[in-house]
Amino acid sequence: MSNNNLDSRFTMLPNLESLSMDEQFMLRCIQIAKNGLGFTAPNPMVGAVVVYNGKIIGEGYTSPYGGAHAEVNAINSVTDVTLLKSATLYVTLEPCSHFGKTPPCADLIINIGIRKVVIGLKDPHEKVAGRGIQKLEQAGCYVEVGVLKKVCAEHHRRFLTFHTKKRPYIILKWAETADGFIAPEKTLRGATKKPYWITNTESRQLVHKWRSEEQAILVGTNTALADNPNLNLRDWHGKPPTRIMLDRSLKIPTDFHVLDGKQHTIICTVVSDADKYKKGIIYKVLDFTTAIPKQLCDLLYKEQIQSVIVEGGSQTLTSFIDNNLWDEARIFKGATRFNKGLKAPKISGTTKEVKQISTDQLSIIRND
């Protein structure tokens, strides 16, 4: 794995010199919270710091799902526990107030005796939604909410989208040639089913990094049949995403990579005959006579999948664009030219960043 600094978050952070002390500590919370990216979902990737007399004495971020939350890890990292009663806890998201895989963080804060809590965002989760703040205040804690609110919202955008829009955060990703094609015509392809690369190796490594950060990856039937993709992690370390395949009539051969059973895979189809299903693969029946993106969003919401990368093909990407069900697009433009082939999708939004990755240009667009 390369040590290239390939950052997918593109968060525009404020100038450090312009920040108050509270904002600087909250910024530190956001920085360490990113260590949980790709591992905490469906929990949010929260960051927390404990401050005494203007100095950080404890730090923590959310453990992989099922483990301790950021507040617990930050408090447990404090060496001199006698300082906690005079310390301030900073946290990117409202401490939870309910029992889940772990006890409520609000109860721990109260029992430890921390008297001041600074929070970036109120938690929109229906089991929290202000109850953590209320519990802290009723126990006599001074609570401040909204420090670096916009930056915290950007950091927690997957979690916020999932709980406010009742669907996953949707990232569209494709590579197109310098002359605007997403795939070559069939005559340019060889007999072996494999990807036809448009981008360079650095860009492809970045894509594998992205896959490690999101919960699921989705492609359509035509892409699976043409490329026989693995949809796994090869150039980056992390947790492989759930593979989501659109395969209306179960055309994908059972010996293709996506059906190898090596990672969690969901096939969306109209075929309800379980005798035609491959062991180890999950099948979900959808109505392919109506809009698929909305059905996919409903399915992934039920599956507790908070983010998905839609990697193709053109028809699948366009269906999400046409239904306005996307949050972010990551588009590579390579130096290659096809002259003819399958045209890349058309999309409009707010361009947040354009960066050069060797011979490729990467554009990040948001659906604001």
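Predicted model: local features only at pLDDT ≥ 70, side-chain atom pairs only at ≥ 80, totals over all residues.
Which helix does alanine 224 lie in? Alanine 224 lies in helix H8, which covers residues 221–227. Is alanine 224 buried or exposed? Its relative accessibility is 0%, so it counts as buried. Now look at what touches it. Set aside the neighbours within four places in sequence, and alanine 224 is in contact with Pro229, Met245, Ile252 and Phe256. Alanine 224 and glutamine 315 are 91 residues apart along the chain. Their C-alpha atoms are separated by 13 Å.

Move on to arginine 158. This residue lies in helix H6, residues 157–165. Arginine 158 has a relative accessibility of 7%. The cut-off for buried is under 20%, so arginine 158 counts as buried. What surrounds it? Glutamate 17 gives another pair to check: it is 141 residues from arginine 158 along the chain. The C-alpha atoms of these two residues are separated by 29 Å.

Helix H3 comes next. It spans residues 105–112, and its buried residues are Cys105, Ala106 and Ile109. Where do they sit around the helix? Seen down the axis of H3, the buried residues fall within an arc of 105 degrees, so they line one face of the helix. Several elements cover these buried residues. Among them are helix H2 (70–76) and helix H4 (131–138). Strand E3 (88–93) and strand E4 (116–121) are also included. Just after H3 comes glycine 113, with a positive phi of about 100 degrees.

Now set H3 beside H4. Two packed helices are described by the angle between their axes and the distance between the axes. How do H3 and H4 cross? Their axes come within 9 Å and cross at roughly 15 degrees. An angle under 35 degrees counts as roughly parallel, and H3 and H4 are therefore roughly parallel to each other. Their crossing is right-handed. From H3, the contact is made by Ala106, Asp107, Ile109 and Ile110. From H4, it is made by Gly132, Lys135 and Leu136. Ala106 and Ile109 are also among the buried residues of H3.

Turn to the cysteines. A disulfide is a covalent bond between the sulfur atoms of two cysteines. How many disulfides does this model have? The count comes to zero, using a cut-off of 2.5 Å between sulfur atoms. Cysteine 141 shows the gap: the nearest cysteine sulfur, that of cysteine 105, is 13 Å away. Cysteine 141 is in no disulfide. It is buried, with a relative accessible area of 7%. Cysteine 297 is in no disulfide either. Here the nearest cysteine sulfur belongs to cysteine 268, and it is 11 Å away. Cysteine 297 is buried too, with a relative accessible area of 3%.

In H9, the buried residues include Ile292, Pro293, Gln295 and Leu296. Cys297, Leu299 and Leu300 of H9 are buried as well.

Finally, check the backbone. Most residues other than glycine have a negative phi, and most peptide bonds are trans. Glutamine 304 is found in the loop between helix H9 (292–302) and E12. Its relative accessibility is 37%, so it counts as partly exposed. Asparagine 339 also has a positive phi, near 75 degrees. It lies in the loop between strand E13 (328–333) and strand E14 (341–343). At 65% relative accessibility, asparagine 339 counts as exposed.

Two peptide bonds deserve a look as well. The bond from alanine 41 to proline 42 is cis, with omega near 10 degrees. Proline 42 sits in the loop between helix H1 (21–33) and strand E1 (47–52). Glycine 312 and glycine 313 are also joined by a cis peptide bond, with omega about 0 degrees. Glycine 313 is found in the loop between strand E12 (307–312) and helix H10 (314–322).

Definitions and conventions
Residues numbered from 1 in each chain as written. Heavy atoms only, no water. Buried < 20%, exposed > 50% of the residue type's maximum accessible area, 1.4 Å probe, protein only. Helix = DSSP H or I, 4+ residues; strand = E, 2+ residues; numbered from the N terminus. Arc of directions from axis to C-beta. Contact = heavy atoms within 4.5 Å. Axes fitted to C-alpha atoms, helices over the stretch in contact; angles between N-to-C directions. Parallel < 35°, antiparallel > 145°, perpendicular 65-115°, else oblique. Left-handed = near helix turned anticlockwise from the far one by under 90°.
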